[in-house]
Amino acid sequence: MSAREDILNRMRRSLEGAGEAAEAPREYRRALAGDTEVVELLIDRLVDYKAQVHHGIESIADILDEGQPVVVPADLPQEWRVGEAIFIEDDPLDPEPMDADDLDAMDAVLTGCAAAVAVSGTIMLDTGAAQGRRAITLVPDHHVIVVRRDQIVGHLAEALPRLSATSPQTWISGPSATSDIELQRVEGVHGPRRLDVVILDD
Amino acid sequence: MSANAGTVPEVVPSSSLIPAGAKFPKAAKVALGMPQMRANLAHATGTIREKRAKVAGELDDWEQLRDAASAIKADVQHRMPELAIEFERKATEAGATVHWARDGVEANAIAARITREAGADEVVKVKSMATQEIELNEFFEAQGLRAWETDLAELIVQLAEDKPSHILVPAIHYNRTEIRDIFRGKMIDAPTGLTDDPAALAEAARLHLRKRFLSAKVAVSGANFAVAETGSLVVVESEGNGRMCLTMPETLISIVGIEKLLPTFTDLEVFMQLLPRSSTGERMNPYTSIWTGATDGDGPKDVHIILLDNGRTDVLADEVGRQALSCIRCSACLNVCPVYERTGGHAYGHVYPGPIGAILAPQLEPGRHDDLPYASSLCGACYEVCPVKINIPEVLVHLRQEGPHQAGEKAAMGAAKAVMARPKLWRAALGAARFFTRPWRNKGYMRRLPWPGSKWTVSRDMPMPPQESFRDWWKERER
Amino acid sequence: MSRIGLFITCVNDALYPSTPKAVVAVLERLGYEVDFPAAQTCCGQMHANSGYRRDAGVLARSFEAVFDSYDAVVTPSGSCAAMVRDQYPDLTGSDIGRRVYELSEFLLDVAEVEDVGARFPHSVTYHPTCHGTRALGLGDKPLRLLRAVEDIELVELPEADQCCGFGGTFALKNSEVSSAMLADKCRHASGTGAEYLAAADNSCLTHIGGGISRSGGPRPVHYAEILASDA
């Protein structure tokens, strides 16, 4: 008998007579109170986890230095590429896309996002428009994320339906960190150690 | 050996001080005699308890979330065959190869074979309890393969040649100074002049692992959740080592206990609120990765998932005990447990320590950990914080009732029952106790009792029965 | 309401007559008639929690027989009340636990009295015992009753919610860990400088008191005895 058959049979045998479980009660919140200022809340939570917050697309010119190599997804809007940095497009379907060492040579990465959750300060990427593949937002030490006002929701449950469930996803809440030493949070391990969030008002 | 070796104090791996195979009371006694470790644990668990309470308290629907999580996990257990098959189908359709493993040996063998077929002799690893449980690293080593831990705490433990002592923070028993000494003594490329500043230690780990991440061909991970509806896996982490392992190599092997299933993607709205707040006391962990099979031009091309049983289907058969399969490995129960705080994880003698270990280990390995259900005062702090509402005290008592009993104790308990079941005998026994303890009555207590009472009087005095019992008083009053 | 059945618990039966006497005094002061069925022995908690399910079942059935005729059973023990309410349904199928009240539950929820007319001109620190607080869900009920006592000075116990390390046979089977927990509890208790340490369970107080008897610190007292006091 294959391991698969064996395990499934064992499950069935163990569950003989167990019946069905009761339906899960879902009395929890699926949205924040209507009068919550979600943008303020998001900023508060981002700052709490040591991300820098900026307003308006022009701020990118100040965040990225002149001449810095900055990787961007090929579909990043042209109007976001402001300032004197050198924007280098990454196209994963390129026959010879950037490899790990190429990405390691980048000073920063500039992307958009799929959604942002205010209550936990979480920015979600699902490799959709203006986000690129996962490696480009991981290897460079500095990530600049543009968040449009209409992408900001209050609660996690409001954000999930906005994601492409089966695309690769990365949920980001502050820069890379660890709590492994005496359970105190310290920023900066393997992921980008600097996280800048640019909020675009309507 | 690092250039620093010899100039720094050697940190003795605390697991090496506990006699192999020692039962909990004996192992705990050894652990209690390690003042530095106890101080480290008290400090770390105290810190995390406070953080957890604060962020859990921020949500006014915390109890409703716990109720939902508990019921969703119960549903997963009841529908496990159906959900496992659905997960397998969806993941396969998305380009993953799904394997099934009855036990650790099967899972390890599959992982080793895939590694070799990928032309690699080493893997980078995301922290995973399942691979600890099946001792994948040891298996790989015996096969001439090498597994590199990349989580900071796992790295510390691996360098120290120690064993993990906590589910979430395997190096919780070390403080920053000891970690610095481990790095200076054992990390080949430790920066010179490394201090014990946690940021400097994190930086050292970053430098140490970066090349390895960027060049690794194969990664091994576990998963926090496996979503049946979509065939997706979820890894919850902080440092980015998980993202590195899940994104950069060509081949990814994920070893997933069958109890990790969730019915739907939407269920993450419950668990991703509960898990980070319960584990690290954060509103959300820095990074969560979710992937479904393989994606063209993004991440590993060769994606494998090994569904692991290793005793879980037996646990499923116990209608009280099966709730242990709801565990999402947050460690909140360890952090609040007064026993764990004082003994640390190694005393439990199993990869899952603390309250959850005390109910999981004896069920996963029947007959081998009968001491663990007694490693609890049944204070209930674990149940109070468990985000999926596992009634740990209930399962502890249940396992005590299922397990074997020592003959002498059994006789004593039987005798006590026989007396207590007969009011006349009970009254006679109380009278006899008052009579025979008369010599100590004026003093009011006894300082030394013969064994087994000596186990009590080692640290506590024993009060003596009073001259007049309540019963006598009541009879007098009624007259 | 018909008469209240008083379940004094085996620990008080053997060692602490003053606690059930205090319960009688408080209830009678409030106008209740209390009965003490002499055939009572033990709720079976020690057997159940040590893994002797069958023995516990025997004791549970005898408890049910003794207290079956009462509309309300009052006991000065959070852990015994929790045993009857939580474990009897599984052990014997009995729901008698719905009629069994720990003293503070009865006073606050049934009698609806917070001030029982006590006076206790002393400093007191309060330890919330684990089974009462968590398993039974007493919360701060005993403490609310103590706050209403005239002239009492309540002193907060640091890390009050931490177990004292008793846990029934845990204190014997894992004596060293239990002693380490006890040492911390005694240190916190004596640090309060209070005259008395109150709690809702004399088994826990036996444990803490047994430690304090060596290390020094506040005198252990069941909170019912403070409620009965009108000194």
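The model is predicted, so local features need pLDDT of at least 70 and side-chain atom pairs count only at pLDDT 80 or more, while totals for chains, interfaces and linings use all residues. Residues are numbered from 1 along each chain as its sequence is written, chains are lettered from A and ligands numbered from 1 in written order, and side-chain values use heavy atoms, without hydrogens and water. Helices (H or I, at least four residues) and strands (E, at least two) are DSSP runs, numbered from the N terminus.

**Helix crossing in chain C**

- Helix 10 (residues 175–191) of chain C and helix 11 (residues 202–215) of chain C have axes that come within 9 Å and cross at roughly 70°.
- The two helices, helix 10 of chain C and helix 11 of chain C, are therefore roughly perpendicular (65 to 115 degrees).
- Contact (heavy atoms within 4.5 Å) involves C:Ser178, C:Leu182, C:Lys185, C:Cys186 and C:Ala189 from helix 10 of chain C, and C:His207, C:Ile208, C:Gly211, C:Ile212 and C:Ser215 from helix 11 of chain C.

**Strand 4 of chain A and its partners**

- From strand 4 (residues 108–111) of chain A, A:Ala108 and A:Leu110 point one way and A:Val109 and A:Thr111 the other, and all are buried (under 20% relative accessible area, 1.4 Å probe, protein chains only).
- Strand 2 (residues 69–73) of chain A pairs with strand 4 of chain A in the parallel sense over two bridges (pairing takes at least two DSSP bridges).
- A:Val70 has A:Ala108 in strand 4 of chain A as its bridge partner.
- Strand 7 (residues 142–148) of chain A also pairs with strand 4 of chain A in the parallel sense, over three bridges.
- In strand 7 of chain A, A:Val144 stands opposite A:Leu110.

Technical notes. Axes fitted to C-alpha atoms, helices over the stretch in contact; angles between N-to-C directions. Parallel < 35°, antiparallel > 145°, perpendicular 65-115°, else oblique. Buried < 20%, exposed > 50% of the residue type's maximum accessible area, 1.4 Å probe, protein only.
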